[in-house]
Amino acid sequence: MFQLTSHCYLECNIYMGISIYELLRSAEESLCSKVKVLRSAEESLCSKVKVLRSAEESLHSKRNPLWSVEESLCSKVKVLRSAEESLCSKVKVLRSAEESLHSKRNLLWSVEESLRSKGNLSGQ
């Protein structure tokens, strides 16, 4: 009887071992399947990252010439502002000279009138 019980116990253990092995194998297959899905998702993400990096590089290459144009325009604006300031300064000098000439002309007319009234410039 002991042999029979021992044999049943051994057979039971074998069946349990086989069941556990089958469960482990099934779990392994499930994990392998999930790993394949994850690898596929990883490849898809890597592909999308490459596309995004390419788009980013394209934007940078388009932005860099625009920055260059902007810098060039800013430089030209600075030159124009400097020229404007120089012209404004020259206009002020010319207006001052014009005022001085008007003042001198008025003085000359005043002297001429004074001389005429004294008779020194009669008929001229």
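Author: Let us begin with one term: a salt bridge is a side-chain nitrogen of Lys or Arg within 4 Å of a carboxyl oxygen of Asp or Glu. As for the background, this is a predicted model, in which local features need pLDDT of at least 70 and side-chain atom pairs count only at pLDDT 80 or more, while totals for chains, interfaces and linings use all residues. Residues are numbered from 1 along each chain as its sequence is written, and side-chain values use heavy atoms, with hydrogens and water left out.

Reader: Okay, how many salt bridges does a search of the whole structure find?

Author: The search finds 1 salt bridge, and it joins Glu 112 to Arg 116, whose closest N and O atoms are 2.9 Å apart.

Reader: And where do Glu 112 and Arg 116 sit relative to each other in the helix?

Author: Glu 112 and Arg 116 are 4 residues apart in helix H1, so about one helical turn separates them. A helix here is a DSSP run of H or I with at least four residues, a strand is a run of E with at least two, and both are numbered from the N terminus.

Reader: Is Glu 112 buried, partly exposed or exposed?

Author: Glu 112 is partly exposed, with a relative accessible area of 29%, and Arg 116 is partly exposed too, at 42%. Buried means under 20% relative accessible area, exposed means over 50%, and partly exposed lies in between, using a 1.4 Å probe and protein chains only.

Reader: Changing topic, what does the secondary structure of the chain come to?

Author: It comes to 1 helix and 0 strands. The chain has a radius of gyration of 51 Å, well over the 14 Å that the globule rule gives for 124 residues, so it is more spread out than a compact globule. That radius is taken over C-alpha atoms, and the rule is 2.2 Å times the number of residues to the power 0.38.

Reader: What does the C-alpha trace span along its principal axes?

Author: The C-alpha trace spans about 170 × 25 × 10 Å, and buried residues make up 0% of the 124 residues in the chain.

Reader: Which two residues could show me a separation along the chain?

Author: Take Asn 13 and Lys 92, which are 79 residues apart along the chain and have C-alpha atoms separated by 112 Å. Asn 13 lies in helix H1 and is partly exposed, with a relative accessible area of 35%.
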